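Please read the following report with the sequence and the model side by side, and find each residue as it is named.

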Amino acid sequence: MSSLFLEAESFRNPGGWIIDSSAMNQMGSAYLMAHGAGVPVADAETEIRIPVSGKYHIRVRTRDWTAVWKRGTPAGRFTLKADGTELPEILGTNGEKWAWQKAGSIHFSAGLHTLALHDLTGFNGRCDALYLSTDPDDVPPDGGDALEAFRREKNGIIPADDPEEYDLIVA
């Protein structure tokens with residue numbers, strides 16, 4: 001099995017999407033948001049290196065921020081493009097809580113490829129992370145300590161305590 005985890009805020013070119021860090025204490029990460037006041041924003045784009053050729057199943061961690069009102073069509077809809085091909089699922093339609101939503105599947109050869117978040121509405125589409133896996137049943141945890149541990153493992157983060165003691169820290 002081959003997999004790749006990508007934090008959305010690490011996209012090389014955010015386009016018209018902005019980095020929102022206001023919920024980092026709840027989510028453990030910043031995310032990208034398409035805030036266009038009703039006008040779709042420019043695509044956020046990045047390059048990825050696929051290590052092994054194969055069919056990759058792509059999931060996006062997102063949410064429908066308007067689902068709490070239980071009416072109408074979700075406002076922050078977007079799609080994912082892989083090498084310019086728009087994947088079939090409309091994202092940001094999966095409920096009020098942050099969760100992994102399947103964007104689609106695509107065959108990638110080993111090597112460099114592009115991914116783009118394509119805003120459809122200009123009304124605050126939200127994307128936290130992307131997960132690509134050759135295993136269709138490989139779904140990351142949705143939140144909490146399990147997602148935090150998953151992020152650390154996939155990003156190679158090893159937390160370490162600072163051996164020093166401090167009387168005062170100014171930030």
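Helices (H or I, at least four residues) and strands (E, at least two residues) are DSSP runs, numbered from the N terminus. This is a predicted model, in which local features need pLDDT of at least 70 and side-chain atom pairs count only at pLDDT 80 or more, while totals for chains, interfaces and linings use all residues. Residues are numbered from 1 along each chain as its sequence is written, and side-chain values use heavy atoms, with hydrogens and water left out.

Asn-124 is found in strand E10, and although Asn-124 is not a glycine, it has a positive phi of about 65°. Is Asn-124 buried or exposed? With a relative accessible area of 14%, Asn-124 is buried, where buried means under 20% relative accessible area, exposed means over 50%, and partly exposed lies in between (1.4 Å probe, protein chains only). Lys-70, which is not a glycine either, has a positive phi of about 50°. Lys-70 is placed in the loop between E5 and E6, and with a relative accessible area of 68% it is exposed.

Two strands are said to pair if DSSP finds at least two bridges between them. On this basis four strands form an open sheet in the order E4-E9-E6-E7, with antiparallel pairing. Strand E4 (44–50) and strand E7 (85–86) stand at the edges with a single partner strand each, so one side of each has no neighbour in the sheet.

The pairs can be followed along the order of the sheet. E4 and strand E9 (residues 111–119) pair in the antiparallel sense over seven bridges, and the bridge partner of Ile-48 is His-113 in E9. E6 and E9 are joined by five bridges and run antiparallel, with Phe-78 standing opposite Asp-119 in E9. Strand E6 (residues 78–82) is in turn joined to E7 by two bridges, again in the antiparallel sense, and here Lys-81 stands opposite Glu-86 in E7.

**Salt bridges**

A salt bridge is counted when a side-chain nitrogen of Lys or Arg lies within 4 Å of a carboxyl oxygen of Asp or Glu.

| Salt bridge | N to O separation |
|---|---|
| Arg-12 and Glu-47 | 3.2 Å |
| Lys-70 and Glu-96 | 3.7 Å |
| Glu-148 and Arg-152 | 2.8 Å |

In the salt bridge of Arg-12 with Glu-47, Arg-12 lies in the loop between strand E1 (3–7) and strand E2 (18–20) and Glu-47 lies in strand E4, so the pair ties together parts that are 35 residues apart in sequence. Arg-12 counts as exposed at 64% relative accessibility, whereas Glu-47 counts as partly exposed at 39%.

In the salt bridge of Lys-70 with Glu-96, Lys-70 lies in the loop between strand E5 (54–62) and E6, and Glu-96 in the loop between E7 and strand E8 (99–108), so the pair ties together parts that are 26 residues apart in sequence. Glu-96 is partly exposed, with a relative accessible area of 34%.

Glu-148 and Arg-152 are four residues apart in helix H2, and are therefore separated by about one helical turn. Glu-148 counts as partly exposed at 37% relative accessibility, and Arg-152 is partly exposed with a relative accessible area of 34%.

**A loop proline and a charged patch**

Pro-136 is found in the loop between strand E10 (123–133) and H2, and it is partly exposed, with a relative accessible area of 39%. Although Pro-136 and Tyr-56 are 80 residues apart along the chain, their C-alpha atoms are separated by 7.9 Å.

Patches are made of residues with over 30% relative accessible area and no salt bridge, and like charges are joined within 9 Å, nonpolar side chains (Val, Leu, Ile, Met, Phe, Trp, Tyr) within 5 Å. Accessible areas come from the Shrake-Rupley method with a 1.4 Å probe, and for residues only the protein chains shown count as cover. Which residues gather in a patch of negative charge on the surface? They are Asp-161, Asp-162, Glu-164, Glu-165 and Asp-167. Glu-165 lies in the segment after helix H2 (144–155), and with a relative accessible area of 79% Glu-165 is exposed.

Definitions and conventions. Lys, Arg positive; Asp, Glu negative; His and termini not counted. Charge placed at Lys NZ, Arg CZ, Asp CG, Glu CD.
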